[in-house]
Amino acid sequence: MGVAKYIKDERGSIKEVIYQSGIKVKPVYGPQDLEKAGFKYEKDLGAPGEYPFTRSLHPQSYRSRAWTTRQYTGFGTPEETNERFKLMIANGQNGLNVAFDLPTQMGYDSDHPLSQGEVGRVGMAIDSLKDFETAFAGIPLDRIGSGLTINAVATIMMAMYQAVAEKFGYSKNQISTTPQNDILKEMIGRGAWIFPVEHGVRLVGDSIEYAVKELPKSNPVSLCGYHIRESGATPAQEIAYAFEIAKAYIDNVVQRGIKPEDFVGRFSFNFNVYGNLWEQIAKFRAARKLWAKMLKNEYGVTDKKKLFLRGLFGGGGSGLTKEQPENNIMRGAYYALGAALSGAQTTALCSFDEAYTIPTPRSALLSLRTLEMLMDEVGLRDTVDPLAGSYFIETLTLEMEEKIIEEMKEVQKMGGMVDCISSGLIQRKISKQAYEFEKGLQSGEYKKVGLNTHATDGQAEKTDAGAVELHEYNEEWATKSKANLKELRRTRNDRDVKDSLKALEKAAGCSDNVMPCLVKCCHAYATVGEMAGVFRDTFGEWNEPDFY
Amino acid sequence: METKNKIRILIAKPGLDGHDKGAKIVALALRDAGYEVIYSGLHQTLEQIIQTAAQESVDVIGLSIMSGAHLPISEKLIAMMKEKGLDDIFLTVGGVIPYQDIPKLKEMGVSEVFPGGTSFEEITKGMNRLF
Amino acid sequence: MPEIRDILEGSQIAGARMIRLIEDNDPSAFEMLKSLYPYSSRAFIIGITGSPGVGKSTLINALITQFRKLDMKVGVIAVDPTSPFSGGAILGDRLRMQRHATDENVFIRSMASRGQKGGLSRATKDTAVVLSAMGYDIIIIETVGAGQAEFDISSLAHSIGIVSIPGTGDGIQAVKAGILEIGDIFIINKSDRPKADAAVLQLEMMLNMRDTRGQRPNHAVTWAPRVMKTIAQKGVGVKELAHTFLSHFDFMKENNLIKPKKDAIEKSYFNSLLQDLALEKLLLFMKSSEAYMEVLQKIQSGSIDPLSAAESVVDNLMVTRNLKVTRKSNDF
């Protein structure tokens, strides 16, 4: 939802504005504000494409290249997903953002009892390399990059992506994949975790190390402040926690004798765009600057390009309402405007019907068109960082930077991110905030059009508005997946499967990198459930802490 | 059912979906409305939910389902509750629930349905209707 | 209404319903408890206490696994505080034990303190009676805070584990005064953190100096409290801990310490029952008497102060029943 707190006087004028991150906004800003904040052009902004990159990563920004759009796609069977992929590419999308169903995300095969009713429901069902062969058939894997929205078993999917590319005749040097692979944020927010914290972090470390050595064009981790924010964090915490999580991964890899310089350039981020427009813009500008400063000062990174905070600024699911769902189309457009004004490199929008269902082709296309309008019609490509120099925006950006640093220091004081998540400190803080925010929304303290202000008659709201077409679950997905799985188990070479899993078990049990073993398992057609099962047996499962 | 001093409710997250913000804030709201809330945690099987409800002798099971699988999950749980002799416990369902599914859920035997966006006040009212 | 027979046969549903009657202070619970009490002496009751955040629930989760390996049936009572503002509570301790939920030989029950100081109420003891009668070999009671309430964990458990973690500053955190005296096993959890060994040393030193005047002076053998390190999250040290609890039990049996322990537990149960019943019944009796109304009017008209009035009402009641008591007896 993400609107600021507005305190009005008796005549209804706005007396005070307080953003979620805790920043108070003045009615008017002028040169004295910049002076007071100690604003210096060279230090705080620099030219676009120059350190600290507050304005832009590239000197010409959208002039040289419009943003990349990556709508979240994938459902049902690999066949259907493949059709959808091809449609999105034909419609102009230049990267894929692959959704997996819950059993796949949780490392269960389609025929596992816990998978019942979930196969293919929120993304595509993947049991083995066979399914990837179907899903990526005819996709030019040397030109189209793929984001893989998966975390707990990201290592497995990364290995499978390499395996499918090799099967299709591409070399692992040509392919580009970005698995989400941010297990710590799953433990804060999205809940698709399996293994205990330290083993989860080790797997992330393994995949980074492997990418450094073997997959030159792939980005092994996408740090998702996005989901942390969806769970109730403020914009400042969204950035601060993502950065502290990044540090936990960096520290793991550094322990393996690899220099930060050699891998931090491969990190990408996924941040949220919903909320107050100005606060979001200041957030993104401050984040770019802070990330570069942190890598340079704390980790000694010198190569300019490796200081880039690259990533996707998009989504905004929490901002959408179930009431008057068509309003979400406009809402999404404003969120996207914020992303464009912040110089987002890559973007995606939640579809207006996401409060009900996974996006239909029609709503996914609407989101894509919304993004294209900003680039091609409205003028967002005209000049780089158009808001630079605004008394308000620059002051706010500096204040936001301070807030983010404050939140990071608090995490460090409590022993760093791994400790904070193990003990549940962060989860407790965020769920309490989410609760307080929800109360504010229900009391009308935070305004939401169509929900608590400008709402039409309440009674009329209690239907699924005609504009939303519901996406029906198809039992056949499960039937088909299970049949395929049965056939696979019958026809594959059991010996290869057994041997490769045995090697995986050995690697998991000591500190060897699991990635090469996983690639072999995938080629042998071991299933996701079998590979994750090896991890489950070796690592155990996480016990989540309380939240209140 | 007679009025008891305290209403005990199990907030449970069945299945593999991990979106627990809704379940957690509803648990907090119910606590603040005077309920005793047992929270199951994520990734629960229906067997775990049933056993927890039995051991905790709750008055209400509140399922939070965001994956879209509310119909098959509710149906199965109700059958298991009957089989175990726990059908005196009320079942409520919340989460991403299209309004068109509410009659289907009620027909199955779900006592109250709270789709995403239901206010805390409406949830408490709905709960109180049961007693 | 649950059947006594079902409870004695170990039915979890019947047992749970019985516990619910206890919690709700249902009059039928009292009668049923009378029937169950004779069957309630066999379980070994372990109290686990310590400040929030030291990992009690995770530790109990791991202990359950160990006791189950020995084929023992395990009951757990996890007490969480009731919110003083709303009267509600979130009972989340079992969150970390959920993988045992479907084990038919494990029974986990969350209880809200419902306003009892120190987190334990008579209902906890009543619940332990039910679990014992259901046939659980081990009953683990988890509670925050000990030593400050009249009816606390030491008047309920046979063996008490005090959990703490290595401190950030001065070596040992969360071991408060008064708690040293009641602990049988001191557990330093999260012992992979820095300064764990310092915490052990410090605890051992404190234990050597602990005040033992309260204990039976002429009893030759006493249990020397142990200090143990665990990492509950990883299961490290938990097997040893489970066995130490069991060996404490054996030690008490071998050295005839179990009888005095049980006597003390029974006595405090009796005392708390007396207190509850006396309050409940006598108060009701007094409040419904004519004398009460008369005295109340006198207070309100200003002819007597409430303190003298209360004293005279109780004294009058005792005189009519021909009761006498020396006032300052602390023997309860």
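Which residue of chain C forms a salt bridge with B:Asp88? I looked it up in the model, which is a predicted one. The partner is C:Arg17, and the closest N and O atoms of the pair are 3.1 Å apart.

**Entry: the B/C interface**

I then went through the rest of this interface. The rule finds 6 salt bridges across the interface of chain B and chain C.

Next I checked which elements of chain B supply the side that touches chain C. Helix H1 (21-32), strand E2 (36-39) and helix H2 (46-55) of chain B each give at least two residues. H2(B) has the largest share, with 6 residues. By residue class, I noted 10 nonpolar, 11 polar and 12 charged on the side of chain B that touches chain C.

On contacts, I have 33 residues of chain B against 28 residues of chain C. The two chains bury about 2500 Å² between them, and 47% of that is on carbon and sulfur atoms.

**Entry: a helix pair in chain A**

Who makes the contact? From H6(A) I listed A:Thr155, A:Met158 and A:Gln162, and from H8(A) A:Leu203, A:Ser207, A:Tyr210 and A:Ala211. I sorted the residues of this contact into 4 nonpolar, 3 polar and no charged.

Conventions
Residues are numbered from 1 along each chain as its sequence is written. Chains are lettered from A and ligands numbered from 1 in the order in which they are written. This is a predicted model: local features need pLDDT of at least 70, side-chain atom pairs count only at pLDDT 80 or more; totals for chains, interfaces and linings use all residues. Side-chain values use heavy atoms; hydrogens and water are left out. Contact means heavy atoms within 4.5 Å. Helices (H or I, at least four residues) and strands (E, at least two) are DSSP runs, numbered from the N terminus. Ala, Val, Leu, Ile, Met, Phe, Trp, Tyr, Cys and Pro count as nonpolar, Asp, Glu, Lys and Arg as charged, and the others, Gly among them, as polar. Buried area is the accessible area (1.4 Å probe) that two parts lose on being put together, summed over both. A salt bridge is a side-chain nitrogen of Lys or Arg within 4 Å of a carboxyl oxygen of Asp or Glu.
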